[in-house]
Amino acid sequence: MKKNKICYISLSAYKLFDNNSEVAFGGSELQCYLRAAEIAKDDNFEVYFLVNDHLGNNDLKKIKNIMVYRLKRYARNRWKGNFLKSIFNFFNALRKTKAD
């Protein structure tokens, strides 16, 4: 049977997966994380999570049965190209998850 794929997008939630991260999180990130963790326990689902991390190189890691896609975070206000890179990386990651 084909697994259903779910993708959560919470760019500030990486600290919930890795305590060494410097990114702060709040209540909405926590709620997304808790829902994703609960759904990931079911073998009928494949859960993806898109997050920002300054150390991320647009890589995919499996953490706690959730596929975490760490988007590279670019410095703000340096130049407009960083914004375009961020948008491109975001949509590219979303395409790679092939979420339902």
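Q: Which residues of helix 2 are buried?
A: Glu-29, Cys-32, Tyr-33, Ala-36 and Ala-40 are the buried residues of helix 2. Seen down the axis of helix 2, these residues fall within an arc of 100 degrees, so they line one face of the helix. The model is predicted.

Q: What is on the other side of helix 2?
A: Gly-27 and Glu-38 are there, and both are exposed. That word requires over 50% relative accessible area.

Q: What covers the buried residues of helix 2?
A: The cover includes strand 1 (4–9) and helix 1 (14–17). It also includes strand 2 (45–53) and strand 4 (66–72).

Q: How do you know what span to expect for helix 2 (residues 27–40)?
A: Count residues. Helix 2 has 14. The expected span is 1.5 Å times one less than that number. This gives an expected 20 Å, and helix 2 reaches 20 Å from its first C-alpha to its last. The two values are close.

Q: Why is Ser-10 called buried?
A: Its relative accessible area is 6%. Buried means under 20%, so Ser-10 qualifies. Ser-10 sits in the loop between strand 1 and helix 1.

Q: Which residues does Ser-10 touch, leaving out those up to four places away in sequence?
A: Ser-10 touches Glu-29, Cys-32, Phe-49, Leu-50 and Val-51. Glu-29 and Cys-32 are among the buried residues of helix 2.

Q: What makes Thr-97 count as buried?
A: Its relative accessibility is 2%. The limit is under 20%, so Thr-97 is buried. Thr-97 lies in helix 3. Beyond four places in sequence, Thr-97 touches Lys-5, Cys-7, Tyr-48 and Leu-50. Leu-50 is also one of the contacts of Ser-10.

Q: Why is Asn-58 called partly exposed?
A: Its relative accessible area is 23%. Buried needs under 20% and exposed needs over 50%, so Asn-58 falls in between. Asn-58 lies in the loop between strand 2 and strand 3 (59–63).

Q: Which residues does Asn-58 touch, not counting those up to four places away in sequence?
A: The contacts are Tyr-69, Arg-70, Leu-71, Lys-72 and Asn-89. Each contact means heavy atoms within 4.5 Å.

Q: What distance separates the C-alpha atoms of Asn-58 and Arg-73?
A: They are separated by 9.2 Å. Along the chain, Asn-58 and Arg-73 are 15 residues apart.

Q: What is the phi of Lys-64, and what is that of Asn-65?
A: Lys-64 has a positive phi of about 55 degrees, although it is not a glycine. Asn-65 has a positive phi of about 65 degrees, and it is not a glycine either. Lys-64 is in the loop between strand 3 and strand 4. Asn-65 is found in that loop too.

Q: Why is Lys-64 called exposed, but Asn-65 partly exposed?
A: Lys-64 has 52% relative accessibility, and exposed means over 50%, so Lys-64 passes. Asn-65 has 41%, so Asn-65 stays between the 20% and 50% limits.

Q: How do you know that Phe-83 is exposed?
A: Phe-83 has 55% relative accessibility. The limit is over 50%, so Phe-83 counts as exposed. Its place is in helix 3 (residues 80–97).

Terms used: Residues are numbered from 1 along each chain as its sequence is written. This is a predicted model: local features need pLDDT of at least 70, side-chain atom pairs count only at pLDDT 80 or more; totals for chains, interfaces and linings use all residues. Side-chain values use heavy atoms; hydrogens and water are left out. Helices (H or I, at least four residues) and strands (E, at least two) are DSSP runs, numbered from the N terminus. Buried means under 20% relative accessible area, exposed over 50%, partly exposed in between (1.4 Å probe, protein chains only). The arc is that of the directions from the helix axis to the C-beta atoms.
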